[in-house]
Amino acid sequence: MVQLYNLHPFGSQRVVPCKQEPAQFCCGHDVLFVASAAASCGVEVFAVRREGHCEPLGSFATLGPVLRMAHSRAGDYLVTIEEKSKATFLRAYVNWRCMSAGSSRVCVRMVGHKMEESYTETLKEQMSIVEMALSDPPLCISCCPVNGDLLVGCRNKLVMFCLKYLVINQNLTVLDFERSLILHIDNFIPAEVAFYARHIAITTELDVLILKLDLIQQSADRGEQCACQVSTTEKLVDGGKYRYLSSIKTSALDITAVAVYLLGIDDSFLLTSCVVFFPSRHFTPDQSPFGFCEETKLHSVQFLPVYQTGKCTCVGASERSEQAVLTPQFLHVITSESLQCYTVRCSAAAARDEDPYIDTTVKACPPVTLDVCTLRMQLFIGPRAICHYKNHIILLTKADTEDITERRKPSRRMLSRKADSNKSRTNSESEPGWNLYIINTVSTIQLYREMVDYSRTYENVRTESCIHLLSEAHLLVRAAVTDPSFFKSDDKEELLRAFKESCAFLGDCYSRFDTKDYHLALPYYRMSGLSVAEVLERLASESGEIQMYEKGLIFYLTHSLNEELNEELSKELADKVLQIFYLADPMQLPHIICSPCMKNVCPLTAVKYLRKVEDIMPSVVLTLTKAFMALKMGDLTMYECEMNSHKETMLACGFIGQPKLLRECKEGIVIPTEFAVHLKALQPGLLVAATVALHENSKIELEEADMFFKVLCNNGEDMVPQLLVDFWEALLVACSQEEVLQELLLRVTYQYVWRISKKQLPETKPLKTTEDLINSCDHFGSIFPWVTFIMSMESPLDKDFPEDISKLQSILCGQSIDITAALPILEPLAAAGNVGLTVRVLCSTHLGKYEESIDQLLRQCPAAAVLYAQHELKGDSRAVWWNKLLPELCERARLTGSDCPVLISSLKETLSVVAMELELWDFLSLLPEDGTAAFFLPHLLHCSQRKQLM
């Protein structure tokens, strides 16, 4: 559906001072070429200045009437299809500016002609005409604006010429062309072609083909083939009376064969042929009262580069329109009696091509499917052709015979005056019946302002029309802002302001109006750069009262206030927000009150609203929010009453519903709230439990929790408060993620080791004892008997930190810690008396180094060796009893004699164990030859009797 608005995209218009009736015309970079339709064949050149002023630059003759013409900005050449003696010629006019400067020198040469010998220094000041011979008459042409290559359409084929720069000498470079590609298409007569980089668009009466050429070099060897891939992309979109095409791939199309001939003289390429396939579609426009299907033809095709993305858009128009040109902002169409201006979706398509996920809570863009607008239908007599250059429309009009006759008829008033009538008739007879106009389009800012003003007429009547027109205004400015020339524009700052303003207007619409797309209020307000306070003030009436609370406003406020914004609303605005949510979405009140933006809210007003909501639907989050407000008011009685209304476990889980009750974030820094400070002083256990619940429900990361407790306890970054260690210990109980578990085990291990080695006591009493952790957490193991035995042999160091020591030993007695990762952390305790001994032996045991553990025990605490062996040497490690422990005890007992009763006692216990395990002869072979028989005999008898009993 096409929306019609009476706007003014066209500004002033001027007549181009042509000497002859134009047959063809086209725009160059800053010039207008006009080929005459008179017998005296030639091209007039005009410089196009600001505001559409045209100044003649000169003219040059052509071989015959010009049938087609095009200008290439790359290379600055003009190419024409000319007719002479019923034959058509393809010619390129190079260095044509010399003719405009007054030089009459002309050089005519064939394409590819060697110029090294014939060209001289004096000839660089002349115009060159390059003639390109073709086996079939050329029908249409197009120049690539990127590299200046030329595409020529002939019957059943397309021919491509590459633009070449030939260096004659240091001071002279000339242009030439090389035929590089021929595409043969059976039963195909091109009416128009468009060429942009490797993209080709071809139209016939009812067919549009869009091809993309990719050259794939297989090998530099001439014996191997070089392939040219042809891929096609096409999509037809119904836009009212016109058909738009964009390069989006479709399937299920007809198949047509194409023969591709790739020509080249470079060693890396060779003449090759291959057959490829590409899809085509024949479509019939919808029937309408303006014409019939059999009368419908396609006549315009154009590629438009869309900004930095490199995407091309192709446009075609039906025969009801005579011709069309596409710009990033408009589609200009001429009919038999008017110049029409339509909006386009180039900027919307480009935005989505660059960012397919543009429609989020952060940014948005009007859809490509938005209804097209007709901005203006400017009447002209007999529009014939149109082209576009920057902000100028060049329009050729030519009146039919009946139009001129009608204009010659005098009015009744003129009939009463004979003299005046005769004079008027004379002037009419001398009129040429044609004009070439340059029509200036108004500036983007001016048209944008007119669109915004126009949209206000629909605000209270047709809200969808208001949104539609503001969307068009936004796309208009977006197209200007994303254009590559934007950064060099004089009105860059004004365009940026207009872009943000258009976003704000759209945000207003989606927040005020009852529309299904209400969620777009959020991204448009964000793109506008407005603060929450500024948005609230925009939506207020003159009396300061907000009139309505639609879904869009609630959606915007909910998301904005729930984020970590560095903005504080005034007390008046904060209270107004409370009122809005109480009326529109009361269940959101606890979350809104906890927003950092709402710091200045009146606590008494907040409690009043919360109590009303609680009467309808009570919750733990509501209770906690009321307790928070009570703290703000300094009402500790109310605070205690609220906190005592639920069990501590429920309160801890209640913080999951609103983490901002405990912490907020400013510029990436986690800051505890007043609530958290109060809990630290009076209920640290609840604070730790709540933080654990937040972590386990992905409401706070481990590093954030670390920073939270450090800031809360006023510790430096390198200092770890006991409350943070309490959190780690509590998290070990609840956490099930292996990576997090290992990280936590290493952290608490490091902290225990640091405090033991630095003789540093915790600043507060730990919330859990070692026994509590052993009973509640699998990662803390029961302390082994041999460890307890060693620790019973007290040293002064061991008495000062019993809790940290026992927790460290409990972790090492468990099976969870990665001992390899923990070894560097435990290094400071290597020489720390009995503590160090237990740590070293526990580590060796974890690593399966039982013999090393026994050596350490026999050196420092031999009395614990047997206890260690009884606890650890089981299963596969049981042989260590007789392979290591028994020989070591025998040797040490022999050296010390009866002076060390501990060794003798340990030896006896070891012999008792070994006698029960080994055969008699194996046991006997282990006994020392110089041993006292009376000492070993009882054990031998015991071993022998065990064998007899078996």
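**Aromatic pairs**

Across the whole structure, a search finds 19 aromatic pairs (rings of Phe, Tyr and Trp, the last by its six-membered ring, with centres within 6.5 Å; planes under 30 degrees apart are stacked, over 60 edge-to-face, the rest tilted). The model is predicted: local features need pLDDT of at least 70, side-chain atom pairs count only at pLDDT 80 or more, and totals for chains, interfaces and linings use all residues. Residues are numbered from 1 along each chain as its sequence is written, and side-chain values use heavy atoms, with hydrogens and water left out.

Y510 and Y524 are stacked, at 5.9 Å centre to centre and 5 degrees between the planes. Y510 belongs to helix α8 (residues 492-512) and Y524 to helix α9 (residues 521-528), so the pair ties together parts 14 residues apart in sequence. Helices here are DSSP runs of H or I, at least four residues, numbered from the N terminus. Y510 is buried at 7% relative accessibility (buried means under 20% relative accessible area, with a 1.4 Å probe and protein chains only), and Y524 is buried at 1%.

The rings of F708 and F709 are edge-to-face, because their centres are 5.1 Å apart and their planes stand at 75 degrees. F708 is buried at 1%, and F709 is buried at 0%.

**Ring cluster**

F628, Y639, F655 and F675 are linked into a cluster by ring pairs.

**Charge over a ring**

The charged end of K608 sits over the ring of Y609, 5.2 Å from its centre (NZ of Lys or CZ of Arg within 6 Å of the ring centre and within 35 degrees of the ring normal).

Note on methods. Helix = DSSP H or I, 4+ residues; strand = E, 2+ residues; numbered from the N terminus. Buried < 20%, exposed > 50% of the residue type's maximum accessible area, 1.4 Å probe, protein only.
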